Amino acid sequence: MGLLDGKKGMVFGVANDRSIAWHIAKNLIDHGATCGFAHLPGEKMERRARKAIEGGGVVDPFLIPCDASKDEDLDATFAAAKDHFDAIDFVIHSIAFADREYLKLGNFHQTPRDVFTQAMDISAYTLVAMAKRAAEFMPNGGSIIGMTYFGSEKAIPGYNVMGVAKAALEACTRYLSMELGEKGIRVNTLSAGPIKTLSSMAVDGLDEIFEWVEKKAPLRRNVEADEVGKSAVYLVSDLASGVTGENIYIDCGYNVVGL
Ligand SMILES: NC(=O)c1ccc[n+]([C@@H]2O[C@H](COP(=O)([O-])OP(=O)(O)OC[C@H]3O[C@@H](n4cnc5c(N)ncnc54)[C@H](O)[C@@H]3O)[C@@H](O)[C@H]2O)c1
């Protein structure tokens with residue numbers, strides 16, 4: 001018997017087989033869950049997402065295009081998910097975006113208003129937008145998970161406006177947990193250490209961050225995306241029935257070190 005037998009939900013953010021969203025989905029599926037997937041619209045986006053999902057052994061996946069910055073896309077995606085699944089138990093929010101031009105060392109103070117607003121919208125507000133829609137068909141309660149990074153708490157060179165958006169995402173998590181708790185819906189974030197993906201490669205100075213973590217983290221290594229997936233299994237499962245509003249670090253302990 002799997003820990004997640006009978007649980008169904010939506011996973012946002014599989015761009016390819018390196019995506020943290022894919023590693024989360026794979027672990028959820030391995031423990032008995034059924035996942036539907038939303039990818040950014042576009043033929044190339046669909047092809048890459050499908051390759052990862054079907055290549056990972058999911059037969060005939062429920063896969064739908066969704067630009068989460070558009071309310072009409074979110075409405076259509078959650079309506080289709082409701083038709084397909086009837087009810088869901090989890091939502092994985094593993095998406096973020098900021099103009100890479102402003103993820104360069106030393107230029108946070110140059111961030112234009114539209115770049116700031118877009119990063120906040122896609123990387124933080126969409127968690128609220130998804131929670132609102134998901135809560136309507138989580139009759140048995142559920143688990144909503146967002147992905148964050150330590151750059152929300154400390155100034156990490158190059159992370160820039162994304163760090164500000166992650167701070168907002170973590171605050172949204174706490175407020176959502178307070179309001180949705182009475183429906184039995186838990187909302188948490190996983191704070192992953194740096195992992196090589198399409199998105200992270202846009203952050204200037206990433207290689208230096210990897211080297212530093214390997215030297216300083218208590219486990220003396222960088223984390224694997226699969227380890228983030230395992231923690232998602234815990235948060236979706238009933239093992240975490242008393243956990244909400246939390247941020248759990250999956251970073252080989254890096255966040256506890258003071259030098
Ligand atoms: N890779 C890391 O080092 C790291 C560390 C901590 C947290 N995170 C977070 O993990 C999450 C997943 O990132 P990843 O590293 O797997 O990279 P990724 O590039 O594989 O995934 C990011 C996803 O966001 C999606 N996305 C961007 N804009 C969107 C929009 N408007 N609508 C819908 N989807 C959109 C992309 O299509 C992509 O699938 C992000 O929130 C990221 O900030 C990553």
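User: What should I know about the model and its numbering?
Analyst: The model is predicted: local features need pLDDT of at least 70, side-chain atom pairs count only at pLDDT 80 or more, and totals for chains, interfaces and linings use all residues. Residues are numbered from 1 along each chain as its sequence is written, and side-chain values use heavy atoms, without hydrogens and water.

User: How many residues surround the ligand?
Analyst: There are 27, where a residue counts if one of its heavy atoms lies within 4 Å. The closest are S19, I20, I195, T197 and S199.

User: And by class?
Analyst: The shell has 16 nonpolar, nine polar and two charged residues; Gly counts as polar, and Tyr and Cys as nonpolar.

User: Which side chain has an N or O atom 2.6 Å from a ligand oxygen?
Analyst: That is T197. A polar contact here is a pair of N or O atoms within 3.5 Å.

User: What about the backbone?
Analyst: A polar backbone atom of I95 is 3.2 Å from a ligand oxygen, and a backbone N or O atom of A15 lies 3.4 Å from one.

User: How much of the ligand does the protein bury?
Analyst: The protein buries 92% of the 820 Å² that the ligand exposes when taken alone, by the Shrake-Rupley method with a 1.4 Å probe.

User: Changing topic, what is the fold pattern?
Analyst: Along the sequence it reads β-α-β-α-β-α-β-α-β-α-β-α-α-β, from DSSP runs (helices H or I, at least four residues; strands E, at least two).

User: What are its dimensions?
Analyst: The C-alpha trace spans about 50 × 40 × 40 Å along its principal axes.

Notes: Polar contact = N/O pair within 3.5 Å; in protein donor to acceptor, adjacent residues only side chain to side chain.
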